[in-house]
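Colleague: Please take a close look at one part of this model, the charged side chains and how they pair. I would like one connected account.

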Amino acid sequence: MAERELAARAADRPLPSRPERPRRARGRDSLYARAHHADTREKDWEKAEALYRQALEEDPGNERARRSLAWGLHRSERSDEALELLRAPDALVQENLQHQNMIITILSDRQRWAEAAPLLEELLGGAHSNQTRTGLLKRLIVLYRRLGDVERANGAAQRLLQHGPHNPEFRSIADEVAKADRTGVWDKLDELVAKSEWHPEQADSVSSIVQMHIDRCEYAGVSAVRIQEGSLSEQDVQELVKLIERLGPSRPADRAAYNLSAARILRDLNQTSDDRFRRSLRGFGAAMGDLCTAERKPPDVIRAYYTEAVSLGGWDDMGELKVKQFVTSYLAPDWQQPETRPSFELCMSWVLGDKSRHEPLAMGLVGLLSVSSERVRREIISRTYRDTRIREVLVRELRAYLQVSDSSTTQNAYNELWDEAFRHHVRLLDAQRNTLQPLLNRNEPLGTLTKDQQALEGAADVAYTTPLDRDRFIKAAGILAELRGYLEQPSYLEQERLESRIGATIRELVSTIERLPTRISLEFLVPLLDNLELALAAHFRDVQRAAEPTDLDVEPVLSAYTPNAASLIHVQLSVTNLPRRSPAVDVRLRVLDNDDYEPLDAAIPVAHSLRDEQTETCTVPLVLTPRAIREQVATLRYCLEFTLRSAGGSPPSPAPSPCPSATPPTGSPSRTRSRRARPSRTRRCSSDATRSSSVSPTRSAGPTPSAS
């Protein structure tokens, strides 16, 4: 019921604003993957275009599909269509750099430099790394050179020089522009900035695991000065390669960091089509696999990194070594390898010595080979066929996987069995992605928790899922169950406790996945959990606002009081917070001046914290005036002050002055900070009402103070 009501409210009100955060890798649906494959592997543009358009119809926010379609249209000399697609009103743009760069490139290719230059100037106004900014400035110099605008080209060159006044490359460009200003001849400028042109996403896109690491690369092993200047170049790549060669097979952490830095620099230089880019990423995956093995990380994580290394290369010494390490990762971590350089077949035999490892190894090889090159596939299939025992085990497991009973043992039949296993694996992965993808596209993730929990619980059974990913699916489903409990909770304090605990659980799981990544968890669970955390935070802000106490209920404890010889009475008042309200913190009662009693400067503490439906009693000492005693009635004027825990914060402001009249104050509340570091604000409420009753006859006439 809570989910349906929440979903209904979401349909009638705009979504709450969400804080900015780094964009996470998002799950790629099968339509985009199929379109990309048709575009880059099959070279069938007609098929790719149809699939790209279908992917955009299902999800207009699929930026990579939009850019891939636009670039294909541009290649087909349909540049106006490409620009119209990129500038469409429904185009959701989060990756602004790539999006605008593509528009600028298309305009430049069409020699519409006058349109491209202002867009590039606008793009430079955003926040970018120094490396990106220097690349954009080089592009701008080229555009102004095409336009023959020497003055603006010189200005852009001077801006470039500011990034590294002593950088020889920047100085050469600035000198060449200055020379062109004097002579009108641009003879070397094109050569100097030849590598500044932008290129679209390359044909072989990297996986979500590699993409995450590239985005977070810290340029290990690179000169801090050149990083600061944004002047990284191929020279830095060459120096990193030398560092890696000197390390050899030792120090996997450094090997991984240096390979990643080389790949990142090549990407910054728009050279992802360079073979060195893939070699660096391959070395990174290999080194990370070695590092995870040495640190005894979960085997599924070790295999994830070795899979990256194998998928990015062919069957060479490194490829064979990483396949063997992939296989031996199924053995116990403390297993002692009897040989230093075992063959692939021997590694397989070690693992297959335990029947419980037959299915995991067979399914692991199916997943590995489904993303590997044709040469790697042929080698592994051929080698496993030649060993009778290995072949028999794999045939049995593959037939069970495909649910077929073909008894042929020829090599052609064996090859066909593997091919069908690959196709079946890809189909099931597509089905699993289709199950998970809708969960990432929810406008209101908290409105479909039951349905999404069922989808998560069933997703692991759609395709073969590793034990680690299966466990993460279960944990994510458990978070959705906790969120349902949070929505159904009637108590504000319990909702507050659950919101804090669930948020911490989400962040812990996301951190674990990013520290120990696998493809499926990183592509789907991380963005799903991010969406849930944002939705939970937005919902709890609404809960906080709705639960803020606007007033506290105040009642007199006694109906009459008898003053002592010093005309003193102790008025007792009960203060209660209303049901389903957030706590009122630091509750104080301040007595306001009145002719019925002497002034009382100090505020009366009521409660440090007053939760919903909690009552606390305070005692107010009053020295009555003779008139009040004579008339046997007194009016107590007061205001209540308390702090609210509110999601919306503002700088602290001075506390309001005491209320001058019986009317509750309506001025701006002051802000303080609560123990949970939530911004809070102070509210002041006051009341002035008169109530009379007879006084005790045992003493002189005593007043009955009124309070409300």
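**Charged pairs**

Modeller: The side chains of Asp149 and Arg152 form a salt bridge, with an N to O distance of 2.8 Å. This is a predicted model. The count of salt bridges comes to 44.

Take Arg159 and Glu121. They form a salt bridge too, and their closest N and O atoms are 3.2 Å apart. The pair links distant parts of the chain. Arg159 sits in helix 9 (residues 150-163), Glu121 in helix 7 (residues 113-124), and 38 residues separate them. Arg159 is partly exposed, at a relative accessible area of 31%. Glu121 is partly exposed as well, at 28%.

Next, Arg276 and Glu234. Their salt bridge has its closest N and O atoms 3.3 Å apart. Arg276 belongs to helix 16 (residues 275-294) and Glu234 to helix 14 (residues 234-247), so the pair ties together parts 42 residues apart in sequence. Both Arg276 and Glu234 are buried. Salt bridges can also share partners: Glu49, Arg53, Arg78 and Glu81 are joined that way into one network.

Glu641 lies in strand 7 (residues 638-645). Its relative accessibility is 6%, under the 20% cut-off, so Glu641 counts as buried. The Glu641 side chain makes a polar contact of 3.2 Å with the side chain of Arg590.

Now the surface. Glu374, Asp406, Glu416 and Asp419 gather there in a patch of negative charge. Of these, Asp406 is in the loop between helix 22 (388-402) and helix 23 (411-440). Asp406 is partly exposed, with a relative accessible area of 44%.

Terms used
Residues numbered from 1 in each chain as written. Predicted model: local features only at pLDDT ≥ 70, side-chain atom pairs only at ≥ 80, totals over all residues. Heavy atoms only, no water. Patch = residues over 30% accessible without salt bridge, like charges linked within 9 Å, V, L, I, M, F, W, Y side chains within 5 Å. Areas by Shrake-Rupley, 256 points an atom, 1.4 Å probe, with all protein chains shown as cover. Salt bridge = Lys/Arg side-chain N within 4 Å of Asp/Glu carboxyl O. Lys, Arg positive; Asp, Glu negative; His and termini not counted. Charge placed at Lys NZ, Arg CZ, Asp CG, Glu CD. Helix = DSSP H or I, 4+ residues; strand = E, 2+ residues; numbered from the N terminus. Buried < 20%, exposed > 50% of the residue type's maximum accessible area, 1.4 Å probe, protein only. Polar contact = N/O pair within 3.5 Å; in protein donor to acceptor, adjacent residues only side chain to side chain.
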